[in-house]
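Trainee: I'd like to learn how to read a structure like this one. Can we go through it feature by feature?

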Amino acid sequence: MASPQIELESYEQLNRAEDQHTYEDMKTTDHEDKSTDQKDNKIVHEVNISWTQWTKIFMLTLIVSIVSACTVLTVSYVSLFAKLEVIMENNIALLKTKQNISAAQIHASNTERAELREKIEHVEKNYTFLMTKQNTLDDFITTIGNQKINELTSKGRHELRVDLTDFEGNAGYAKYSTFSVGNVSTQYKLNIGGYSGIVGDSLKENNGMRFTTKDRDNDHWPLNCANQYNGAWWYRGCTIVNLNGQYIQGGQIDWKGITWYNWTSSQYSMKSSVMMFRKVYPPG
Ligand SMILES: [Ca+2]
């Protein structure tokens, strides 16, 4: 059995051990508390940075959105007015052409009425009639004039279509993907290119030529081609196409008539010819 002195020493040792343990626990707890505080401080710090970044991102997005919206509105505004201008321009040409057809239709025969209906269908495809000629008893011609053609074809890109008929019931056409006529200072110089069709590329001989009339000789022939061919055209020296030529009945061979050499391999005078053009999209 232990003596009371030994028991007392053991008891004191036990207390010191417990105190020491408690002290270590306290140190540990204190250390953990400090770590937690540090973490909290760190988290708070990170949250503050994050909100700053979000604010910057929000402001940047807002600025980009406003700039984008302004750009879209500006482009839409300009496009809308450009489109309105085209629509107005086409409608003016359309109205003028329809008026011409209506006026001509009063004296037209049944055959001519059918041909007029075809022309109206072309009008509905936004074609503007440059010139129409009918080689019949009730001949008529409509033309909008070189000044008007220049005004229309100088805005954007245009294509030309020529429809021909003979006295045997045949029909043919030529298309040019490029078409414009210069202003009066160029003497209404012809600019065509990109042929396709079934009547042959006769008009290429006239490309780049100025317009010749009986009172203004712009061709390369020693005499005036407009006098010799009885028409007004982009003559060179002179021409194998004469859509503004003389009315000649019954499909005769006559170089003063309405001719398109590459289709007939002759100076056969056509029953009718129609020249029309329309704007091509995209403008290019
Ligand atoms: Ca000449």
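Mentor: Let's start with the calcium ion, whose protein donors are Asp217 (OD), Asp217 (OD), Asp219 (OD), Trp221 (O) and Leu223 (O), lying 2.1 to 2.5 Å from it. Donors are N, O and S atoms within 2.8 Å of the metal (3.2 Å for Na, K and Ca); water is not among the atoms, so sites may look incomplete. Before we go on, this is a predicted model: local features need pLDDT of at least 70, side-chain atom pairs count only at pLDDT 80 or more, and totals for chains, interfaces and linings use all residues. Residues are numbered from 1 along each chain as its sequence is written, and side-chain values use heavy atoms, with hydrogens and water left out.

Trainee: What spacing do the donors of the calcium ion follow along the chain?

Mentor: They go D-x1-D-x1-W-x1-L.

Trainee: Is Asp219 buried or exposed?

Mentor: Buried means under 20% relative accessible area, exposed over 50%, and partly exposed in between (1.4 Å probe, protein chains only). Asp219 has 9%, so it is buried. Asp217, with 38%, is partly exposed.

Trainee: Next topic: how many disulfides does the structure hold?

Mentor: A disulfide is a covalent bond between the sulfur atoms of two cysteines. In practice, we look for a pair of cysteine sulfur atoms within 2.5 Å. There is one disulfide here, and it joins Cys225 to Cys238, with an S to S distance of 1.9 Å. The pair links distant parts of the chain, 13 residues apart: Cys225 is in helix α4 (residues 225-228), and Cys238 is in the loop between α4 and α5 (261-264). Helices (H or I, at least four residues) and strands (E, at least two) are DSSP runs, numbered from the N terminus.

Trainee: Why is the disulfide left-handed?

Mentor: Because the torsion about the S-S bond of Cys225 and Cys238 is about -80°. As for accessibility, Cys225 is buried at 0%, and Cys238 counts as buried at 9%. Cys70 is partly exposed, at 44%.

Trainee: Which side chain does the side chain of Asp163 make a polar contact with?

Mentor: A polar contact is a pair of N or O atoms within 3.5 Å; within protein, one must be able to donate a hydrogen and the other to accept it, and residues adjacent in sequence count only if both atoms are side-chain atoms. For Asp163, the partner is the side chain of Arg161, at 2.8 Å. You'll find Asp163 in strand β3 (residues 157-165), and it is buried at 16%.
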